[in-house]
Amino acid sequence: FLNGSISQQQMRRIGLPWSQQLVQRTLIGTGSAVLAARLALQYGVACMCNGGTHHAHKAHGSGWCIFNDLAVAGKAAQRDAGIGQVLMIDLDVHQGDGSAMIFADDPSVFTFSIHCGQQSFPADVQQSDWDIPLAAGTGDAAYLQVLQEALPVLLQQVQPELVLYNAGVDVHRDDALGKLALSDEGIASRDSAVFSACVEFGVPVACATGGGYQEDHSHIVRRHMHMHRAAAEHMPAFGRVMDYKRTAAAARQKQRRNQQLLP
């Protein structure tokens, strides 16, 4: 892909024509996910204005996704920051099939997906560590009940050191491709629920915008802004979480140094 030698068949699977501009955009997008993870580990929460390319697999792209940005960000955080357990929370209307396949044999990354079980794409749904497929037409109340019941169980079970959140807005009732039926208020409540749960469990979050499809793009932008607003509202709490983590880490380091000095 990077040098243009990718086959036309592979590009058809991705669904985009190859160009040097697409290569640049793809690399910038993947880099922004890596940066978001680094910033989340520093400040507690960081949001991209793009991303969520969860249909990209390890060996091929698919569904307008070339490199799986959050997957790259998670492994980079483990390599560069010494992060152990990573949790991917995917709330796009489509299942994150690429993420599920990439981490199928990697217990250090737990994949969680709430999606519509009656979407035509991906054609071959994969097995995440925890999938919750919902019926077409599921609205705010039922969706939020499922999410709010799952989040504390998920966080308690996985005990992540970093959450990667795909906040797709194609769950909206007016989305051109999605078959769920959330309102603007429902999406805002969903994003707030994710951040509140992560604050409560003391885990930082890096976020991608995910999918959203409508002829009038202003509606999509407005829906994506719910994630950014919710992150901003929770940022003071995330800041306190990270301050506590840094203080606790410094205390542990001091204790180890003192023990080494003991005769």
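**Helix 6**

I looked up burial in helix 6 and found Asp184, Gly186, Ile187, Arg190, Asp191, Ala193, Val194, Phe195, Ala197, Cys198 and Val199 buried, where buried means under 20% relative accessible area with a 1.4 Å probe on protein chains only. The model is predicted, so I note that local features need pLDDT of at least 70 and side-chain atom pairs count only at pLDDT 80 or more, whereas totals for chains, interfaces and linings use all residues. Residues are numbered from 1 along each chain as its sequence is written, and side-chain values use heavy atoms, with hydrogens and water left out.

Helices are DSSP runs of H or I with at least four residues, strands are runs of E with at least two, and both are numbered from the N terminus. I checked the length of helix 6 (residues 184-201): its 18 residues should span 26 Å at 1.5 Å a residue, and the end C-alpha atoms are 26 Å apart, which agrees. The expected span is 1.5 Å times one less than the number of residues.

I then listed what the buried residues of helix 6 pack against: strand 1 (45-47), strand 2 (86-90), helix 5 (140-158), strand 5 (162-166), strand 6 (205-208) and helix 7 (217-261). Contact here means heavy atoms within 4.5 Å. After helix 6 comes Gly202, with a positive phi near 70°.

**Largest pocket**

I read off a volume of about 990 Å³ for the largest pocket. It is lined by 37 residues, and Arg25, Gly51, Gly210, Gly211 and Tyr213 are the closest to its centre. A pocket is an open set of points on a 1 Å grid over the protein atoms alone, with protein on both sides within 12 Å along at least five of seven lines; lining residues have an atom within 4 Å of a point. The volume is the space filled by probe spheres set on the points, which are joined across faces, edges and corners.

Helix 2 (20-43) and helix 7 each supply at least two lining residues, and helix 7 gives the most, with six. I sorted the lining into 13 nonpolar, 21 polar and three charged residues. Nonpolar covers Ala, Val, Leu, Ile, Met, Phe, Trp, Tyr, Cys and Pro, charged covers Asp, Glu, Lys and Arg, and the others, Gly among them, are polar.

**Thr26**

I placed Thr26 in helix 2. Thr26 is buried, at a relative accessible area of 9%. Leaving out residues up to four places away in sequence, I found that Thr26 touches Phe1, Ile66 and Phe67.

Note on methods: Buried means under 20% relative accessible area, exposed over 50%, partly exposed in between (1.4 Å probe, protein chains only). On a 1 Å grid over the protein atoms alone, a cavity is a set of points where a 1.4 Å probe fits but cannot get out, and a pocket is an open set with protein on both sides within 12 Å along at least five of seven lines; lining residues have an atom within 4 Å of a point.
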